[in-house]
Amino acid sequence: MIAFKVENLTQMHSSLQSFVEYLRSAGMTEDDVFFSRLVGCELITNVIRHCGNSASFSGEVEGDDIVICVSSGSRKSFRLCRELPDAMAESGRGLYIVNVVCKGDVSFEDDGIVARIKIGGCRPEDMQ
């Protein structure tokens, strides 16, 4: 498992590099790495933009899934809408993308969100 805290969006990309390296060392394909990084970026960005503080990230390979958990890093309630938006929503497109990549396997926890990506389950053409 990889876990870290992201203080700002500038730090996010370098912080996610350890997760990318972890996935590659676990034998994940480049598609799995790409989509996992995409989900991580979207969720971290949402927490920092909407909660106004740092984001706590954890990611791991668990059976046939890559599991990503992102929270506000505090007991402050996760301020995003708990219903996943659709493609035509005025806002929330990041969560829509996460939902598509995870094929709906997204759940809201106490102060964050858990996204499960099926290994080998998402391909670039699925996003068209």
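This is a predicted model: local features need pLDDT of at least 70, side-chain atom pairs count only at pLDDT 80 or more; totals for chains, interfaces and linings use all residues.

Student: How are the helices and strands defined, and how many of each does the protein chain have?

Tutor: Helices (H or I, at least four residues) and strands (E, at least two) are DSSP runs, numbered from the N terminus. The protein chain has 3 helices and 5 strands, and along the sequence they follow the pattern β-α-α-β-β-α-β-β.

Student: In what order do the strands form the sheet?

Tutor: In general, strands of a sheet pair through backbone hydrogen bonds, either parallel or antiparallel. Two strands are taken to pair if DSSP finds at least two bridges between them. Here the 5 strands form an open sheet in the order β1-β2-β3-β5-β4, with antiparallel pairing. The edge strands, β1 and β4, each pair on one side only. Neighbouring strands are turned by 15 degrees against each other on average, direction ignored.

Student: Is β5 mostly covered or mostly uncovered?

Tutor: Buried means under 20% relative accessible area, exposed means over 50%, and partly exposed lies in between (1.4 Å probe, protein chains only). β5 is mostly covered, with 5 of its 7 residues buried. Of the 128 residues of the protein chain, 44% count as buried.

Student: How does one read the packing of helices, and at what angle do α1 and α2 pack?

Tutor: Axes are lines fitted to C-alpha atoms, for helices over the stretch in contact, and angles run from 0 to 180 degrees between N-to-C directions. Angles under 35 degrees count as roughly parallel, over 145 as roughly antiparallel, 65 to 115 as roughly perpendicular and the rest as oblique. α1 and α2 pack at about 150 degrees, with their axes 10 Å apart; they are therefore roughly antiparallel to each other. A crossing is left-handed if the near helix is turned anticlockwise from the far one by less than a right angle, and right-handed if clockwise. α1 passes α2 in a right-handed crossing.

Student: How do α2 and α3 cross, and which residues of these helices meet?

Tutor: The axes of α2 and α3 come within 9 Å and cross at roughly 150 degrees. These helices are therefore roughly antiparallel to each other, and α2 passes α3 in a left-handed crossing. Contact means heavy atoms within 4.5 Å. Phe35, Leu38, Val39, Glu42, Leu43 and Asn46 in α2 meet Gly94, Leu95, Ile97, Val98 and Val101 in α3. α2 also lies across β1, β2, β3 and β5, running at about 15 degrees to β3.

Student: What is a nonpolar core, and which residues have the most contacts inside the largest one?

Tutor: A nonpolar core is a set of buried Ala, Val, Leu, Ile, Met, Phe, Trp, Tyr and Cys residues joined through side-chain atoms within 4.5 Å. The largest one has 34 residues, and those with the most contacts inside it are Phe19, Val39, Leu43, Ile44 and Ile68. α2 gives the most to this core, with 9 residues. Leaving aside residues up to four places away in sequence, valine 39 touches Ile68, Val98, Val101, Cys102, Ala115 and Ile117.

Student: Why does cysteine 122 count as buried, and where does it lie?

Tutor: Cysteine 122 lies in the segment after β5, and it counts as buried because its relative accessibility is 3%. Cysteine 122 touches Asp31, Phe35, Val101 and Lys103, not counting residues up to four places away in sequence. Its C-alpha atom is separated by 8.8 Å from that of valine 100, 22 residues apart along the chain.

Note on methods. Residues are numbered from 1 along each chain as its sequence is written. Side-chain values use heavy atoms; hydrogens and water are left out.
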